[in-house]
Number of protein chains: 2
Amino acid sequence: MPAVRRSTAPSQPASSAPTRSTSAQASSLSKARQDNAREIAEDYVEAIADLITLTGEARVVDLARTLGVTHVTVSRTITRLQRQGFVRSEPYRSIFLTESGAALARDCKSRHETVTAFLRALGVRRETAERDAEGIEHHVSDETLAAFLKFLHANG
Amino acid sequence: MPAVRRSTAPSQPASSAPTRSTSAQASSLSKARQDNAREIAEDYVEAIADLITLTGEARVVDLARTLGVTHVTVSRTITRLQRQGFVRSEPYRSIFLTESGAALARDCKSRHETVTAFLRALGVRRETAERDAEGIEHHVSDETLAAFLKFLHANG
DNA sequence: ACCCAAATGTAGCCAAGGCTACGAAACCAT
DNA sequence: ATGGTTTCGTAGCCTTGGCTACATTTGGGT
């Protein structure tokens, strides 16, 4: 039963209106979507760096285990990361980080540790802090990160 | 010039090793990937709720403007959200939130505001706080959110 | 009434992440 | 050196988010 046409209250033209105001923000979200690939890249280089530190090398299977995906997914993603210049690898060999890949990994690791320590300092349990940090670290700006560090210095 | 076979230091078997330790966490990431859809859903219902509050109704074009994507993307996503029971809409009509959609929107809004207020309390500039909150809000557990609120009460 | 502009919808394309199934290469032992 | 296990690559499929181009519906004006 199709009732009303344009619902009930068109009030404002709703055309030029929502540009910001109370909360109807824009653009930032659209970008955040495509940044999914960037987040994945960060997770990968971080995991690769960790594996190299822990076991001496990063293999596809290890990454698959670490990241909780199949080796196929890892393999394909590594291809993309190689295309983007973060890693280099040859068929059936280990995966290595390039300069920029290593730099990104260092950046992510530091960021991750800061976020984790910050959450811990707030009283969040270690396990929760670790889990939340994994999601949060990709969305913390330099300014916010600085605020976290400042808080840590004041309360550490 | 393909040098070594298995790189240089296989040291540990790298098989059963990386389960957690220093940082090589697992599973959480794999899930976080598919959760992308959930984040999108949250952004949409939040935007829909805002539009309804601000302009009286939520139309595809308004959502497109708000979210910074084309109306096509919005249209298709709305179809998925409808399938998932968060919204209901008929061709060429407004978009409405279902009960669960509205509940999700309320939850997200509250979460968003808490994160923003928390960042502001830490000294982060309004603009940055808003931007970061958009990314962070989807990754904050209840425990961490509670810690944020506690901090706000102690420093507000 | 009619027409036109704006709002929606549809078709079809791309990238990316996930998966299963299966084949090929590498390694380790015997 | 030969075979079996493990690792890796490829083929092929699904979902989802984004887009452009084009068709259709609405709704407001003249």
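Is B:E143 buried, partly exposed or exposed? B:E143 is partly exposed, because its relative accessibility is 25%. On this scale, buried means under 20% relative accessible area, exposed means over 50%, and partly exposed lies in between (1.4 Å probe, protein chains only).

Welcome to a predicted model, in which local features need pLDDT of at least 70 and side-chain atom pairs count only at pLDDT 80 or more, while totals for chains, interfaces and linings use all residues. Residues are numbered from 1 along each chain as its sequence is written, chains are lettered from A and ligands numbered from 1 in the order in which they are written, and side-chain values use heavy atoms, with hydrogens and water left out.

**Salt bridges: the overview**

- Side chains of opposite charge can pair when their charged atoms come close.
- Here, a salt bridge is a side-chain nitrogen of Lys or Arg within 4 Å of a carboxyl oxygen of Asp or Glu.
- Over all chains, the whole structure holds 18 salt bridges.

**A bridge between the chains**

- B:E143 pairs with A:R125 in a salt bridge whose closest N and O atoms are 3.3 Å apart.
- This pair crosses between chains: B:E143 sits in helix 7 (residues 142-155) of chain B, and A:R125 sits in the loop between helix 5 (99-121) and helix 6 (126-136) of chain A.
- Helices are DSSP runs (H or I, at least four residues), numbered from the N terminus.
- A:R125 has a relative accessible area of 48%, so A:R125 counts as partly exposed.

**Bridges within chain B**

- B:R38 and B:E42 form a salt bridge, with 2.6 Å between the closest N and O atoms.
- These two residues are separated by about one helical turn because B:R38 and B:E42 are four residues apart in helix 2 (residues 36-55) of chain B.
- B:R38 is partly exposed at 33%, whereas B:E42 is buried at 9% relative accessibility.
- B:D50 forms a salt bridge with B:K109, and their closest N and O atoms are 3.7 Å apart.
- That pair links distant parts of the chain, joining helix 2 to helix 5 (residues 99-121) of chain B across 59 residues.
- B:D50 is buried, with a relative accessible area of 5%, while B:K109 is partly exposed at 31%.

**A network in chain A**

- A:D50, A:K109 and A:E113 are joined into one network by salt bridges that share partners.

**A glycine in a loop**

- A:G56 lies between helix 2 (36-55) and helix 3 (60-67) of chain A, in the loop.
- With 26% relative accessibility, A:G56 counts as partly exposed.
- A:G56 and A:S94 are 38 residues apart in sequence, and their C-alpha atoms are 10.0 Å apart in space.
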